[in-house]
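Subject: Structure for you to look at

Dear colleague,

I am handing over the structure below, and after it you will find notes on what came out of the analysis. Please read them with the model open beside you.

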Amino acid sequence: MQLDDTDRRLLAVLLEDARISQRGLAQRIGVAQGTITNRLRRLEELGVIKGYTVLLEPESIGWTMTVITGLRIEKGSMINVQQNIAADPRVFAVYDVTGDYDSMVLARVQSRKDLDDLTKTVFTLKGVQRSFTQVVLNTVKELSLIHISEPTRLRRISYAVFCLK
């Protein structure tokens with residue numbers, strides 16, 4: 001989908017403040033409030049805007065450790081294994097990747113005991129041949145971002161946060 005300048009400005013403002021009113025959006029962008037209503041509805045229907053969410057600080061609510069796990073998965077088991085792993089509430093991302101592993105999993109745990117449980121129950125599911133888990137010592141930057149820009153040139157870089165489920 002091609003975004004025009006109004007769409008990009010609308011998304012950029014929402015990324016700064018997703019709680020801004022439609023009237024505030026119209027004033028900031030310089031278009032009618034009806035235009036904002038129609039653009040938001042269209043962007044939501046097309047799946048460009050997937051939702052509106054609160055960003056939480058994981059450690060402040062008890063998720064003290066982040067782990068990154070590479071998995072080797074038996075042929076023919078990839079989809080089933082990934083779906084089962086993704087269903088665990090500690091897991092916030094599952095990726096198909098190239099390289100030594102078939103899948104990378106990002107998860108948050110509350111303690112070493114919780115990590116032990118995740119490793120022994122989730123990363124040993126039928127179809128997982130091997131897992132390699134690394135514990136994150138320090139998070140330098142953590143945002144899932146894409147930039148909103150014109151297709152041919154960057155005028156102003158804005159970012160969209162994906163919702164991690």
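Leu-46 is exposed, with a relative accessible area of 52%, where exposed means over 50% relative accessible area, buried under 20% and partly exposed in between, with a 1.4 Å probe and protein chains only. This is a predicted model, in which local features need pLDDT of at least 70 and side-chain atom pairs count only at pLDDT 80 or more, while totals for chains, interfaces and linings use all residues. Residues are numbered from 1 along each chain as its sequence is written, and side-chain values use heavy atoms, with hydrogens and water left out.

Leu-46 is found in the loop between helix H3 (33–45) and strand S1 (65–73); helices (H or I, at least four residues) and strands (E, at least two) are DSSP runs numbered from the N terminus. Together with Met-1 and Val-48, Leu-46 makes a nonpolar surface patch of about 290 Å². Patches consist of residues with over 30% relative accessible area and no salt bridge, like charges being joined within 9 Å and nonpolar side chains (Val, Leu, Ile, Met, Phe, Trp, Tyr) within 5 Å; a salt bridge is a side-chain nitrogen of Lys or Arg within 4 Å of a carboxyl oxygen of Asp or Glu. Accessible areas come from the Shrake-Rupley method with a 1.4 Å probe, and for residues only the protein chains shown count as cover.

As for the whole chain, five helices and six strands run in the order α-α-α-β-α-β-β-α-β-β-β from the N terminus, and buried residues make up 33% of the 165 residues.

In helix H5 (residues 112–121), Asp-114, Leu-115 and Leu-118 are buried. They lie on the same side of H5, because they cover an arc of only 100° around the axis, the arc being that of the directions from the helix axis to the C-beta atoms. Arg-112, Lys-113 and Lys-120, on the other side of H5, are exposed.

Leu-118 also belongs to the largest nonpolar core, of 15 residues, and is among the members that touch the most others, as are Leu-71, Ile-85, Val-105 and Phe-123. S1 gives the most to this core, with four residues. A nonpolar core is a set of buried Ala, Val, Leu, Ile, Met, Phe, Trp, Tyr and Cys residues joined through side-chain atoms within 4.5 Å.

With best regards
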